Amino acid sequence: MADRRGLRRKIRAFGGDCRMVRDVKGVGAVALALSMVVSAPALAKEGGDQYPHGGEGFMAGAVPPPGFYLLGYGVDYRGELVDADGDEVAFPGQDPISLRVDGIAARAIYTSPYQILGGYWGAHLIVPFFDIEVDAGVMSQRKSGIGDITFSPFILSWHWPEWHLATAVDIYAPTGRYKAGDLANIGANYWSFEPLVAVTYRNADGWEASGKFMYNIKTENPDTDYQSGDEFHMDYTLAKNFDNWAVGVGGYFVHQIQRDEVNGVEVADSIRKSFAIGPQVKYDYENMSFIAKWQHEVYSRNTFDGNRINLKFIYAF
C-alpha cells in the first residue's frame, strides 16, 4: 500500500495538489482508495478484503458430511468510490475513482468422520486468482496474479433435522503479490484471523434462512506501518427450495468496528460500511451444485459502491 506521502507525491506528479483530498468530507476514503490493496471483491481501505463478501449463502451452516469436496468460485465486481456521506469521489475534472475485479478461486474441503463435542472435525484451503484494475482518471493500474490464500485446520459442524451449525477460525496468509506504493495490489501484505459461526434453518417445506457471521482481526502491514481496523461482516440468504432448485434473495453486510491507524495515529473517516442485496439461484445435479448471485450495494460509506456477480460450483467425490 502506498503511504500518505506517496499519494501526495503522485498527485503533484500529475499536475495537481492536495486540495481535493482536503475538500471532500470522505478524506480517509480518498487517501485510502489510492493506497489500497485490492482483493475480490475489493473495497477502499488500506489492505483489501481477503474474504469475498457475499460468496456464501445457500446452506451456509451445513458443512457437508464426511468426505472430500472441491468448490470453485467466480466473481465480477464493478464499483465507484464514495465518501463518508455516500457521495462519489473523483479528482477535479475526472470521472469517479473506479474499481474492477474479476477473480476465480479453488477451494478444497475435507470433513473427517471424527467428532469433537459432537461436531464433525474438518479443514479447508482456498487459493484465489485475480485480475484487478483501479482507475483514478489521472492514473490507473492493472494487475493479475494469485491472491492471499485462506486456510483453516479446525472446522466443527453439527446437524439436526432442521438446523445446521458450523464454527471455524479462518487464517488469511499474505501470499499475494504486493509492492508498496502501487495503486493496486493483489495481496494485502498482512496476516488476518477470522473466527466465524455459520447457521442454517431449513424446514420440511423447503424454506431456508442462512447466515455466516465473521469477525476479522487484521495485523499491521510491515511495509507501511498501517493497521487496518477490525470488522464484523456477514453473508445471508432467504430462500425457497423445491425439487433440485432453490431461489431467493441474499447479500452481505460489512461494518468496520475500529478506525484504521498509521504509526499508532487513528485515520479520520476510515470506518467503512456496506450493505448489499440481490437475487440468487441454486441448481443441484447428482453430486454437483451450481449457484449464481447478483448483488447490488444499496448502502456504502468510505468504500466502493457497485454491483457484483458471484458464482459457485460444488463437486462431491
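This is a predicted model: local features need pLDDT of at least 70, side-chain atom pairs count only at pLDDT 80 or more; totals for chains, interfaces and linings use all residues.
**Entry 1: aromatic pairs.** I began by asking how many aromatic pairs the structure holds. I found eight. I picked out Trp-163 and Tyr-201, which form a tilted pair with 4.9 Å from centre to centre and 50° between the planes. I then looked up where the two residues sit. Trp-163 belongs to strand S6 (residues 163-172) and Tyr-201 to strand S7 (residues 192-202), so this pair ties together parts that are 38 residues apart in sequence.

**Entry 2: a stacked pair.** Next I turned to Tyr-236 and Phe-275, whose rings are stacked, with 6.0 Å centre to centre and 0° between the planes. Tyr-236 lies in strand S10 (residues 231-242) and Phe-275 in strand S14 (residues 273-285), so here the pair links parts 39 residues apart in sequence. I checked accessibility again: Tyr-236 is buried, with a relative accessible area of 14%, because the cut-off for buried is under 20%. Phe-275, at 29%, counts as partly exposed.

**Entry 3: a cluster.** Which residues form one aromatic cluster with Phe-68? I wrote down Tyr-315 and Phe-317.

**Entry 4: charges over rings.** Last, I looked for lysines over rings. I found the charged end of Lys-240 over the ring of Trp-207, 5.7 Å from the ring centre. I also found Lys-282, whose charged end sits over the ring of Phe-58 at 6.0 Å from its centre.

Conventions. Residues are numbered from 1 along each chain as its sequence is written. Side-chain values use heavy atoms; hydrogens and water are left out. Rings of Phe, Tyr and Trp (its six-membered ring) pair if their centres lie within 6.5 Å; planes under 30 degrees apart count as stacked, over 60 as edge-to-face and the rest as tilted. Helices (H or I, at least four residues) and strands (E, at least two) are DSSP runs, numbered from the N terminus. Buried means under 20% relative accessible area, exposed over 50%, partly exposed in between (1.4 Å probe, protein chains only). A charge sits over a ring if NZ of Lys or CZ of Arg is within 6 Å of the ring centre and within 35 degrees of the ring normal.
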